[in-house]
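Thank you all for coming; please bring up the sequence and the model on your screens, and I will go through a few places in turn.

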Amino acid sequence: SLLMKYPLEMDRFIRHRTIFPLIQEILRGEARFAQFDFRDVSMERANQSGMKWHRDISWYGTVGGKIYDPDNPYISTYACAIYYLKDVHECCPAFCIVPNSHPYSTLEEAKEKLGDRYREIPIRGKAGTAVLYNITTFHTRINGKPECTHGRRTMHNYHARASSMPLTDWQTIPEVLALSEDDETRIFYSQWTPKQIKYARDHYSKPVPPYYPVHAVK
């Protein structure tokens, strides 16, 4: 909703001047907007906010989307940047990742195959810390400690490659970005899903470009 209300302001953070060039390198110059949200864990819930270990796989993954690219030195077909908006102390909920676990379908398989190289690494840092990772690597949010008085506040910025399937089918792109006169902006926000096409057809003031199949969407 913040992207819809403040598209130009939020775009500055989605394509952050420091991090976005790194994302473009990792995604071979094909970075496309996939998802953007804020997440808040109150201090009252800090020790009950843990998640299950998981990988983020494209909503379209079952119809041909690559989950990782062995020909890419960075592996990724999707990348996420998590920004810590508050200091993450030793007592706080923290992002945690298992490096090199992307080829495995379960955490148990990763433990077996990685052997002595298996690590669960929590990442803590000051406000402004950016965690950039391949979303198909096993990761989670680990619980904070009962005595935590800080909670956790983060901004999550997901990107797909143009040659990958869209990550989700529910992210809406405001018209000022999706139909921008600026080529780089318009291209970055061009990975439309059926729901996005329908939203644009029903709500945009400008006609939807003919390369989006509006008549195929009910």
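I will talk about a helix and the loop after it, then the cysteines, and lastly a cavity.

What you see is a predicted model, in which local features need pLDDT of at least 70 and side-chain atom pairs count only at pLDDT 80 or more, while totals for chains, interfaces and linings use all residues. Residues are numbered from 1 along each chain as its sequence is written, and side-chain values use heavy atoms, with hydrogens and water left out.

Let us start with helix α4, residues 107–114, whose buried residues are L107, A110 and L114; helices here are DSSP runs of H or I with at least four residues, strands are runs of E with at least two, and both are numbered from the N terminus. Seen down the axis of α4, these buried residues fall within an arc of 55°, so they line one face of the helix, the arc being that of the directions from the helix axis to the C-beta atoms. In general, an α-helix has 3.6 residues a turn, so residues three or four places apart point the same way. E108 and E112, on the other side of α4, are exposed; buried means under 20% relative accessible area, exposed over 50%, and partly exposed in between, with a 1.4 Å probe and protein chains only.

After α4 comes G115, which has a positive phi, near 60°. Further on, the loop between α4 and β4 (121–123) contains R117, which counts as exposed at 53% relative accessibility.

Now to the cysteines: how many disulfides does the structure hold? There are zero, where a disulfide is a pair of cysteine sulfur atoms within 2.5 Å. C91 is in no disulfide, and the nearest cysteine sulfur to its own, that of C148, is 4.0 Å away. For C148, the closest cysteine sulfur is in C92, at 3.9 Å, which is too far for a bond. C91 counts as buried at 15% relative accessibility, and C148 is buried as well, with a relative accessible area of 5%.

Finally, the structure holds one cavity of 30 Å³ or more, and the largest cavity has about 90 Å³ of space. A cavity is a set of points on a 1 Å grid over the protein atoms alone where a 1.4 Å probe fits but cannot get out, and lining residues have an atom within 4 Å of a point. Among the residues that line the largest cavity are F33, P166, I173 and Q196.

How values were computed:
On a 1 Å grid over the protein atoms alone, a cavity is a set of points where a 1.4 Å probe fits but cannot get out, and a pocket is an open set with protein on both sides within 12 Å along at least five of seven lines; lining residues have an atom within 4 Å of a point. Grid points are joined across faces, edges and corners, and a volume is the space filled by probe spheres set on the points.
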